[in-house]
Amino acid sequence: MLQLLRQNFAKTVIPQLQKAGHFSTLPLPVQPLAVSPSRAPRSVWVENLDTVEEQKLAIRELSCEVFGATPRIDIVHQNIHWQRMIRFVSFAHSKTRNEVRGGGRKPWAQKGLGRARHGSIRSPLWRGGGIAHGPRSPTTHFFMLPFFTRVLGLVTTLSIKLAQDDLHIVKDLEIPTDDPQFMRDLIQERVWGPSVLFIDSSDIMPRNITAIADDIPQVNLMPVYGLNVYSMLKHNTLVLTESAAKDIETKLSEQLHRNDSRSLMSKFLVDR
């Protein structure tokens, strides 16, 4: 019935409106949608590591979804708090009345002396007795942050690092020597800050930069699968290889647009 009404409307009413001049029969020109500058891809220089002096090799475009998100300091704080709490175990311990030494016999008779009735001098009511509701060790503070809060934490931190000019892209991690002074001069020349975190797509790094990272405590190496908010904020400068930037962009974009979000937002189970 509804389909018949639509056909009748198209055959009778629309031609009458066209004859009356209410609207033109020509289609209106379609204007292209303007892309907001804030959502445009982020363009960064690809630098080298084989010389102390900085050289621009190419320009790389980064996704605005991953490297141009709105800074959310609250999400960053939640991720930092979560990472500090999941590895914290409290060893504060107090003894109950059963664990305190002594107090095996009844201090005095139950009746006849006019004194308050007691069964042990190690009761929590007594000085030197046990603690009724004190801390018990070991106490873990483990909890699981929601999945998309963790994903947005990575996206927000990467965007903040890039906005502050603390994120750099290099071609690879190949350097000509394993002398630590070469890396110190390179960091000082490029004003990368005291601490630098190098991220690569593989967990097998080149030999020279691995030897340098062993000698300089402020220079650390990490594969893509170990990237986290705490480590990025702990270091002044974040250096990504081209392959690492591509992997991070692909993985985080996939997580932001996955279609099983409802199952991921369910309550976390330890045996999952």
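What share of the 272 residues in the protein chain is buried? And once that's settled, please zoom in on how helix α4 meets helix α8.

Modeller: Happy to. Keep in mind that this is a predicted model. Buried residues account for 33% of the 272 residues in the protein chain. The chain's secondary structure comes to nine helices and eight strands. If you take the contacts between residues at least 6 apart in sequence, 72% of them join residues at least 24 apart.

Now for your pair of helices. Helix α4 covers residues 147-163 and helix α8 covers residues 242-256. Their axes come within 10 Å of each other and cross at roughly 140°. The crossing of α4 past α8 is left-handed. On the α4 side, the contact is made by F147, F148, V151, L152, L154, V155 and L158. On the α8 side, the residues are I248, L252, Q255 and L256. Sorted by class, the contact of α4 with α8 has ten nonpolar residues, one polar residue and no charged ones.

Strand β8 spans residues 237-241, and T241 belongs to it. T241 counts as buried because its relative accessibility is 1%. Its side chain has a polar contact with the side chain of S243, at 3.3 Å. The T241 side chain also reaches the backbone nitrogen of A244, this time at 3.2 Å. Setting aside residues up to four places away in sequence, T241 touches I169, V170, K171, D172, L173, I199, D200 and S201.

S195 sits in the loop between α5 (180-190) and β6 (196-200). With a relative accessible area of 10%, S195 is buried. Its side chain and that of N236 are joined by a polar contact of 2.7 Å. Not counting residues up to four places away in sequence, S195 touches Q218, K234, H235, N236 and T237. One of these, T237, is part of the β8 stretch, residues 237-241.

Over to the α4 end. F143 is found in the loop between β4 (139-140) and α4. F143 is partly exposed, since its relative accessible area is 29%. Leaving out neighbours within four places in sequence, F143 is in contact with H81, W82, M85 and I86. From C-alpha to C-alpha, F143 and Q83 lie 9.6 Å apart in space, though they are 60 residues apart in sequence.

The last stop is V89, which is in strand β3 (residues 89-90). V89 counts as partly exposed because its relative accessibility is 35%. T139 brings us to β4, residues 139-140. V89 and H141 are 52 residues apart in sequence, yet their C-alpha atoms are 6.4 Å apart in space.

Note on methods: Residues are numbered from 1 along each chain as its sequence is written. This is a predicted model: local features need pLDDT of at least 70, side-chain atom pairs count only at pLDDT 80 or more; totals for chains, interfaces and linings use all residues. Side-chain values use heavy atoms; hydrogens and water are left out. Axes are lines fitted to C-alpha atoms, for helices over the stretch in contact, and angles run from 0 to 180 degrees between N-to-C directions. Helices (H or I, at least four residues) and strands (E, at least two) are DSSP runs, numbered from the N terminus. A crossing is left-handed if the near helix is turned anticlockwise from the far one by less than a right angle, and right-handed if clockwise. Contact means heavy atoms within 4.5 Å. Ala, Val, Leu, Ile, Met, Phe, Trp, Tyr, Cys and Pro count as nonpolar, Asp, Glu, Lys and Arg as charged, and the others, Gly among them, as polar. Buried means under 20% relative accessible area, exposed over 50%, partly exposed in between (1.4 Å probe, protein chains only). A polar contact is a pair of N or O atoms within 3.5 Å; within protein, one must be able to donate a hydrogen and the other to accept it, and residues adjacent in sequence count only if both atoms are side-chain atoms.
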